[in-house]
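Q: I would like to learn how to read the packing of helices in a model. Please start with the handedness of a crossing.

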Amino acid sequence: MSADKPLVVIADDDELLQQLVSHKLLQQGYATRCVANGEDLLAVVAETVPHVIVLDAMMPIMDGFEALRRLRADPDTASVPVLMLTARRGEADVVRALELGASDYVSKPFLPEELALRVRQLIQRASAA
């Protein structure tokens, strides 16, 4: 992982989706790291704080909502942009994610190019703040 490339951590229990998102972001010049659950996500970000987290809501061990709650409660990760990428499309799920501090919300299925653009915008907003 190169220090000059922004790091995006992808937390999703679907390995194919991890590969798709990672491939698209690598093409765009980002470094990526993939994990399969919220517990692993918290362990990874405790080592290296990423520029953006792409987070699924439904994962084993610890779901994305609980992981997001814990990320926002930790001063080291409270300001890291989190893009929720999930099949949960209900209004209650979107509202819950935003109330917990999600920076953006994308429903599956999604367009990889749109996701890459949203990641870039989150990084730009965070660096301008």
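A: A crossing is left-handed if the near helix is turned anticlockwise from the far one by less than a right angle, and right-handed if clockwise. The model here is predicted. In this model, helix 3 passes helix 4 in a left-handed crossing.

Q: How are helix 3 and helix 4 oriented to each other?

A: Angles under 35 degrees count as roughly parallel. The axes of helix 3 (residues 64–73) and helix 4 (residues 91–100) cross at roughly 20° and come within 9 Å. The two helices, helix 3 and helix 4, are therefore roughly parallel to each other.

Q: Which residues in helix 3 and helix 4 meet?

A: On the side of helix 3 they are Phe65, Leu68, Arg69 and Arg72, and these meet Asp93, Arg96, Ala97 and Leu100 in helix 4. By class, the residues of this contact divide into four nonpolar and four charged, with no polar ones.

Q: In what order do the elements of the protein chain run from the N terminus on?

A: The order is β-α-β-α-β-α-β-α-β-α, with five helices and five strands in the chain. The radius of gyration is 13 Å, close to the 14 Å that the globule rule gives for 129 residues, so the protein chain is as compact as a globular protein of that length. Along the principal axes, its C-alpha atoms fill a box of roughly 35 × 30 × 30 Å.

Q: What share of the 129 residues counts as buried?

A: Buried means under 20% relative accessible area. In the protein chain, 43% of the 129 residues count as buried. As for contacts between residues at least 6 apart in sequence, 60% join residues at least 24 apart.

Notes: Residues are numbered from 1 along each chain as its sequence is written. This is a predicted model: local features need pLDDT of at least 70, side-chain atom pairs count only at pLDDT 80 or more; totals for chains, interfaces and linings use all residues. Side-chain values use heavy atoms; hydrogens and water are left out. Axes are lines fitted to C-alpha atoms, for helices over the stretch in contact, and angles run from 0 to 180 degrees between N-to-C directions. Helices (H or I, at least four residues) and strands (E, at least two) are DSSP runs, numbered from the N terminus. Angles under 35 degrees count as roughly parallel, over 145 as roughly antiparallel, 65 to 115 as roughly perpendicular and the rest as oblique. Contact means heavy atoms within 4.5 Å. Ala, Val, Leu, Ile, Met, Phe, Trp, Tyr, Cys and Pro count as nonpolar, Asp, Glu, Lys and Arg as charged, and the others, Gly among them, as polar. The radius of gyration is taken over C-alpha atoms; the globule rule is 2.2 Å times the number of residues to the power 0.38. Buried means under 20% relative accessible area, exposed over 50%, partly exposed in between (1.4 Å probe, protein chains only).
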